[in-house]
Amino acid sequence: MGLQEIERRIAEATRAAGRVEGSVRLIAVSKVQPPDRVLAVLDEGQRLFGENYVQEAAGKWPAWRAEFPGVCVHMIGPLQTNKAKQAVALFEAIHTLDRSSLAVKLAALAQVRGGSPDLFVQVNTGAEPQKAGVPPEALDAFVAEARRLDLPVVGLMCIPPEAEDPAPHFALLAGMAARNGLTGLSMGMSSDFEAAIAAGATHVRVGSAIFGARDYGAKA
Ligand SMILES: *Cc1c(COP(=O)(O)O)cnc(C)c1O
């Protein structure tokens, strides 16, 4: 499909939703993609990317940052507490704050560094046992705790259950963000970003529709 087609569809969905042009940011999810595909998208002008693995991101983004001014990389995968220190040095934002122990760790790192990447709280909107994320009923208390720790929480993030209509999950997330005074909504992937934009997404995370299918067998 490619970058330009996805940009066109985002603009169209933004218009269709009666939203302000440019109010949805595209995160090009480059995890596991071969370098030549990522380079092609960098050459086309894309500067915001998403990665799932700290190690993988550490291996490729420092060089591309030096080569392409303005690059921003957001962490969108589960973050182990023992990788938090490396993560805050690598990423402009982390979309997967999902537990108190990680909040405490990030707060300690923010003290030392004098700042923190922007944070999105991941919410397990489908209450799936195998999935990361704060349970919806615990979200308000968790946001309050993160704020007490002086963490820069800017929004919420979700990954709806695969077999379900994502729209109710997007609506649920938007409602939870609004009642907590949060403006960022990280939701929508290749298969459902238009529905996410209709529900208020500010950040859509699109991988395979831009870069093509991921080949996990080839991952280093
Ligand atoms: C991999 C991933 C994406 C991108 O998925 P596509 O279906 O390839 O668009 C988005 N969000 C998260 C959290 C991911 O892990």
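Strand E1 (residues 25-29) runs parallel to strand E8, and the two pair over 4 bridges; strands are DSSP runs of at least two residues, numbered from the N terminus, and pairing takes at least two DSSP bridges. Everything here comes from a predicted model, where local features need pLDDT of at least 70, side-chain atom pairs count only at pLDDT 80 or more, and totals for chains, interfaces and linings use all residues. Residues are numbered from 1 along each chain as its sequence is written, and side-chain values use heavy atoms, with hydrogens and water left out.

Within E8, Val-206 is the bridge partner of Ala-28. Going along E8 (residues 203-206), His-203 and Arg-205 point one way, while Val-204 and Val-206 point the other way. All four are buried, that is, under 20% relative accessible area with a 1.4 Å probe and protein chains only.

Next comes Ser-190, which sits in the loop between strand E7 (184-186) and helix H8 (193-198); a helix is a DSSP run of H or I with at least four residues. With a relative accessible area of 21%, Ser-190 is partly exposed, the class between 20% and 50%. Leaving out residues up to four places away in sequence, Ser-190 touches Arg-205, Val-206, Gly-207, Ser-208 and Ala-209, where contact means heavy atoms within 4.5 Å. Its side chain also makes a polar contact with the side chain of Ser-208 at 3.4 Å, and the side chain of Ser-190 reaches the backbone nitrogen of Ala-209 at 3.0 Å. A polar contact is a pair of N or O atoms within 3.5 Å; within protein, one must be able to donate a hydrogen and the other to accept it, and residues adjacent in sequence count only if both atoms are side-chain atoms.
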